[in-house]
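Please keep the sequence and the structure in view while reading.

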Amino acid sequence: MSTITPVAVFTTGGTPDWQVLTDEALWVSNGPLNSIHRLNTKTNQVVATIGVGKRPCSGLAAGFGSIWVPSCGDKTLVRVDIKTNAMTATLAVGPAESEGGITVSSDAVWLVTDPLGKLSRIDPNTNTVTALIDVPPGSAAVIYGDAAVWVTTPKANMLTRVDAKTNKVTDSIEVGPGPRFVTFGADSIWTLNQGDGTVSRVDCETRKVVASIEVGIPGDGGEIAFGFGHIWATVFQISYFRNRSCREQGDPAVGWRWW
């Protein structure tokens, strides 16, 4: 870790948390400040701080010319215009959990909005919920990939597939213990399993677990992401770097990297 040094430090105050990247900026939520920050990735400056309701939580998503911000404090979903940095809508629908996620498909925004198990499909043209889909109680994070929305349920050790065209649940897949955060890449869905610190890889075509990878990072919080041909994962109080070829997992096209 001593060889890894930051190239820029942004001062925002509060507690920077969830992030999403667009072409020209990195957007970061800040619960204590009830805001999101726009960071210019070329000049390394905080160029905007935008109020977004009470206690933004449960992820950020970019799509349809906007940043979508779930807020736990007032159970809303805030829409921020990427060009003007202004709020353009506040939807009376909020996240089911503070540690969850939000995702976008080609024509909708998706968010678990009820701890009893409701996945909301939101039309960005009208800013309204157009479908409520039954998913397992306690579902948390969502990701769109391969024409489907994939939903994690930590207490049930479950990954649920929802067809994005029909709004129907097509598959329920048992993965590692405590799957919460999830990402898509290399034709697979990857869950970070908080219970034992493993990562489960689910093939999108067969909808089966094809690998269970011992990462060694059990615990609360965390995140998982796909980028630069690697999987990146972290949890609270674990700070280390590991790099391993996916050839060990039967896929020569992709590498692994844990942070």
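The report begins with the whole protein and then turns to single residues.

## The protein as a whole

The model is predicted. The mean pLDDT, which is the predictor's confidence in each residue on a scale from 0 to 100, is 91 for the protein, and 90% of its residues reach 70 or more. One stretch needs caution: over residues 240-259 the pLDDT stays under 50. For this stretch the model has 59 contacts beyond four places in sequence.

The secondary structure consists of 24 strands, and there are 0 helices. The radius of gyration is 18 Å, close to the 18 Å that the globule rule gives for 259 residues, so the protein is as compact as a globular protein of that length. Along its principal axes, the C-alpha trace spans about 50 × 45 × 30 Å.

How much of the protein is buried? Buried residues make up 49% of the 259 residues. The protein exposes about 12000 Å², and carbon and sulfur atoms supply 51% of this area.

## The disulfide

A disulfide is a covalent bond between the sulfur atoms of two cysteines. The count in this protein comes to 1 disulfide. C57 is joined to C72, with an S to S distance of 2.0 Å. C57 lies in the loop between β4 (45-51) and β5 (61-63), while C72 lies in the loop between β6 (66-71) and β7 (76-81), so the bond ties together parts that are 15 residues apart in sequence. The torsion about the S-S bond of C57 and C72 is about 95°, so the disulfide is right-handed. Both C57 and C72 are buried.

S58 has a positive phi of about 55° although it is not a glycine. N44, in the loop between β3 (35-40) and β4, likewise is not a glycine and has a positive phi, of about 60°.

Apart from its neighbours within four places in sequence, P56 is in contact with S29, N30, G31, N34, S35, V69, P70 and S71. P56 and A211 are 155 residues apart in sequence, and their C-alpha atoms are 34 Å apart in space.

The table lists the relative accessible area of several residues. A residue counts as buried when this value is under 20%.

| Residue | Relative accessible area | State |
|---|---|---|
| N44 | 35% | partly exposed |
| P56 | 5% | buried |
| S58 | 2% | buried |
| T183 | 8% | buried |
| C204 | 3% | buried |

H37 is placed in strand β3. Is H37 buried or exposed? At 2% relative accessibility, H37 counts as buried, because that value is under 20%. The side chains of H37 and N30 are joined by a polar contact of 3.0 Å. Leaving aside neighbours within four places in sequence, the residues in contact with H37 are T12, L26, W27, V28, N30, V46, A48 and T49.

M158 belongs to strand β15 (residues 158-163). Not counting residues up to four places away in sequence, M158 touches V151, T152, T153, S172, I173, E174, V175 and P179. The C-alpha atoms of M158 and C72 are separated by 24 Å, and the two residues are 86 residues apart along the chain.

T183 is located in strand β17 (residues 179-185). What does the side chain of T183 reach? It reaches the backbone nitrogen of F226 at 3.3 Å. F226 is also one of the residues in contact with T183 once neighbours within four places in sequence are left aside; the others are I143, S188, I189, W190, I224, A225 and I231.

Methods:
Residues are numbered from 1 along each chain as its sequence is written. This is a predicted model: local features need pLDDT of at least 70, side-chain atom pairs count only at pLDDT 80 or more; totals for chains, interfaces and linings use all residues. Side-chain values use heavy atoms; hydrogens and water are left out. Helices (H or I, at least four residues) and strands (E, at least two) are DSSP runs, numbered from the N terminus. Buried means under 20% relative accessible area, exposed over 50%, partly exposed in between (1.4 Å probe, protein chains only). A polar contact is a pair of N or O atoms within 3.5 Å; within protein, one must be able to donate a hydrogen and the other to accept it, and residues adjacent in sequence count only if both atoms are side-chain atoms. Contact means heavy atoms within 4.5 Å. The radius of gyration is taken over C-alpha atoms; the globule rule is 2.2 Å times the number of residues to the power 0.38. Accessible areas come from the Shrake-Rupley method with a 1.4 Å probe; for residues, only the protein chains shown count as cover. A disulfide is a pair of cysteine sulfur atoms within 2.5 Å.
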